[in-house]
Amino acid sequence: MALKRNEFFLVYQPIIDINKASTFSVEVLLRWRNADGRIRNTADFIGDLELSPVMPDITRWVMLTALNELTGLLKQQTIAWCSINISAKEIEQGFMHQFLLELAEQGYPVNYLSFELTERIQISDWDKLKQFIDVCQLLGCKIELDDAGIGYGGNLWLQNLDFDYLKIDQQFVSQLGEPGNKLSLVLSYMAIAEELNIKVIAEGVETQSQADILNSLGVHLQQGWLYSRALTAPELIRYLFVNQ
């Protein structure tokens with residue numbers, strides 16, 4: 001009903017390339033505004049939503065809306081791509097790769113999409129997941145491993161699937177610089193990424209200290225409130241105009 005009533009909307013959080021001091025890409029985030037104007041806490045509904053049969057319809061809406069709202073920025077290469085969260089459960093239903101192919105046939109620039117595969121739900125059909133990734137690679141879409149290290153079998157995912165990016169979760173980033181914090185976990189993912197020849201993005205960067213530590217470790221793609229909150233499309237355009 002919320003989808004039919006247009007209660008969902010999108011915001012975009014910039015991912016910064018600190019080497020170039022410019023916005024590299026954005027992560028697409030779903031928001032839900034009730035009829036009374038109140039915006040729901042995403043954490044209160046996203047877990048149930050991911051398990052709902054309506055989730056593929058919402059993901060398709062997210063893909064179409066993001067491409068329509070950002071098409072100018074993407075085609076002008078103001079941002080390299082936009083990343084969209086997608087769960088293993090959605091992919092296992094077997095429809096998402098077909099929807100991508102249909103969008104490409106309709107002329108949508110799907111090569112500007114990057115998909116963040118979340119580990120929050122355990123994978124049970126590896127063939128469907130590999131099929132989806134094969135279609136993404138065919139169409140030029142990027143693949144990221146999200147929630148690395150805090151979900152189901154991330155190392156197994158890395159061993160069996162082809163990724164372009166690995167995202168260091170904010171739970172690890174938030175502890176950087178804290179007394180007694182160990183860098184070994186972050187360093188281990190950096191080593192894995194280097195061995196697999198994939199790039200690393202750190203999310204949840206909130207302090208300059210965290211940013212500096214990540215930079216010293218070679219993590220140059222960073223995302224978080226230190227740089228910007230999540231922005232609506234018009235806000236993002238203004239942000240890019242000021243900061244590019």
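Predicted model: local features only at pLDDT ≥ 70, side-chain atom pairs only at ≥ 80, totals over all residues.

Reader: Are α4 and α5 roughly parallel or roughly antiparallel to each other?

Author: Helices (H or I, at least four residues) and strands (E, at least two) are DSSP runs, numbered from the N terminus. Helix α4 spans residues 96-105 and helix α5 spans residues 126-139; their axes are 9 Å apart, at an angle of about 15°. Axes are lines fitted to C-alpha atoms, for helices over the stretch in contact, and angles run from 0 to 180 degrees between N-to-C directions. Angles under 35 degrees count as roughly parallel, over 145 as roughly antiparallel, 65 to 115 as roughly perpendicular and the rest as oblique, so α4 and α5 are roughly parallel.

Reader: How many charged residues are in the contact of α4 with α5?

Author: Contact means heavy atoms within 4.5 Å. From α4, Met96, His97, Leu100, Leu101 and Ala104 meet Gln131, Phe132, Val135, Cys136 and Leu139 of α5. By class (Ala, Val, Leu, Ile, Met, Phe, Trp, Tyr, Cys and Pro nonpolar; Asp, Glu, Lys and Arg charged; the others, Gly among them, polar), this contact has eight nonpolar residues, two polar and no charged.

Reader: Is the crossing of α2 and α4 left-handed or right-handed?

Author: Helix α2 covers residues 55-75 and packs on α4 at about 30°, with the axes 11 Å apart. These two helices are therefore roughly parallel as well. A crossing is left-handed if the near helix is turned anticlockwise from the far one by less than a right angle, and right-handed if clockwise. The crossing of α4 and α5 is left-handed; that of α2 and α4 is right-handed.

Reader: How many nonpolar residues are in the contact of α2 with α4?

Author: On the α2 side are Pro56, Thr59, Arg60, Met63 and Leu64, which meet Met96, Phe99, Leu100 and Leu103 in α4. By class, one residue is polar, one is charged and the nonpolar count is seven.

Reader: Which side chain does the side chain of Ser83 make a polar contact with?

Author: Ser83 sits in strand β3, residues 82-87. Its relative accessibility is 0%, so Ser83 is buried (under 20% relative accessible area; exposed is over 50%, partly exposed in between; 1.4 Å probe, protein chains only). A polar contact is a pair of N or O atoms within 3.5 Å; within protein, one must be able to donate a hydrogen and the other to accept it, and residues adjacent in sequence count only if both atoms are side-chain atoms. At 2.9 Å, the partner of the Ser83 side chain is that of Glu116.

Reader: What is the phi of Gln77?

Author: Gln77 is in the loop between α2 and β3. Its relative accessible area is 65%, so Gln77 is exposed. Gln77 is not a glycine, yet its phi is positive, at about 60°.

Reader: How far apart in space are Ala35 and Ala2, C-alpha to C-alpha?

Author: Ala35 belongs to the loop between β2 (22-32) and α1 (42-51). With a relative accessible area of 79%, Ala35 is exposed. Ala35 and Ala2 are 33 residues apart in sequence, and their C-alpha distance is 9.0 Å.

How values were computed. Residues numbered from 1 in each chain as written. Heavy atoms only, no water.
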